[in-house]
Amino acid sequence: MIPWAKAWLASQALGARCLHPAWGINPRRYWKYFGTSRLDWLCHRALVHLLPRRVFSEEDYVSTNAIYFDEAISRWAAKTEWLHAKTPWVLELEGMWGGYISIYRARPFLRQQLMQATGVDTNLFDLERAAPADKVRVAVHIRRGDFAAPGPPSAIRGRFNESIPIEWYVATCRDLQRKIGEHLISFLLISDGTAEETAWFEREFRPYTTRHLRSTVCSDLLIMSQADLLVCSISSFSMTAAFLGESPYVWYTPQLTPVDGLLTIWGYEPSQKEPASPTKLAVDAVRRAGAPLGRRSVPVDMQGSVPDWLIESCLCARTRRDRHSDLLLYGACSG
């Protein structure tokens, strides 16, 4: 999704046409979700062979000193002559470099693509019928599948594609349930694990799951992004859901990298140790402020204890959905 967002941002900056990824050769068969041809890769391959091709690389991006991808593309293109070429050309984009901050302005585009995907409307309707609107909705992403088995907390710092111990999920959700109130909270479990792998969690919290639905990849992502709170796994799926949403999210503290006394996801990367990197600039801003500038990211350790302000945020989200005080829904409110 990051390269797709880059391509769309480039098309907006350059007045060009954005092509979707070659879903036809995707091993996870995403062409089913987006209704594209299984032979779309032939068109892509023909274009890059028949037309002049330019590649915007990570080095090109860094050289512009821009954070947002559309600004970087504009600055880079302004220095080239081919921007005003009379004949067609192809710009190729790939990679996760630049991270989520670079594609921040593409979030509406990505949400739109997901909402139009196969099965999304039906699956979201199923959720609305099953999950009470008068409860705090906590989405929990337990990633298993081909991920490495959970290791000791001391060995996971700065690492990805590793499972988190189920004990962390249970401890975190127990604390949320205790502080919010069992009668006011509803858990939504999103997982590629087997029923046996998540049985402990399911027995205790009785979550809504999407196992009974079909074509759930895109709808799962949207369910996670639209929840009042997201309990993340260490995966790009969780990160993308948090990126597309606006609600707070919980992150496994042992995975984070300390930088100048603060915790970061990307601080382990050599490029993020540079003085002008987004991570270092953020660390400097937080240190100057003397406290976190926002309250969206919530590091939680193996004890599972969540801060009081997060509970208040969740309860406020629930209150906003109270139909009795919503004028449009025949509700009433004080003047």
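**Cysteines and the sheet**

Modeller: A search of the whole structure finds 0 disulfides, a disulfide being a pair of cysteine sulfur atoms within 2.5 Å. This is a predicted model, in which local features need pLDDT of at least 70 and side-chain atom pairs count only at pLDDT 80 or more, while totals for chains, interfaces and linings use all residues. Residues are numbered from 1 along each chain as its sequence is written, and side-chain values use heavy atoms, leaving out hydrogens and water.

The sulfur of Cys173 has its closest cysteine sulfur in Cys314, 11 Å away and too far for a bond, and Cys173 is buried, with a relative accessible area of 0%. Buried means under 20% relative accessible area, exposed over 50%, and partly exposed in between, with a 1.4 Å probe and protein chains only. For Cys232, the closest cysteine sulfur is that of Cys173, at 12 Å, again too far for a bond, and Cys232 is also buried, at 1%.

Turning to the sheet, 6 strands form an open sheet with parallel pairing, in the order E5-E4-E3-E6-E7-E10. Strand E5 (208-209) and strand E10 (297-300) stand at the edges with a single partner strand each, so one side of each is left without a neighbour in the sheet. Strands (E, at least two residues) and helices (H or I, at least four) are DSSP runs, numbered from the N terminus, and two strands pair if DSSP finds at least two bridges between them. Strand E4 (residues 185-191) is joined to E5 by 2 bridges, and Leu189 stands opposite Thr209 in E5.
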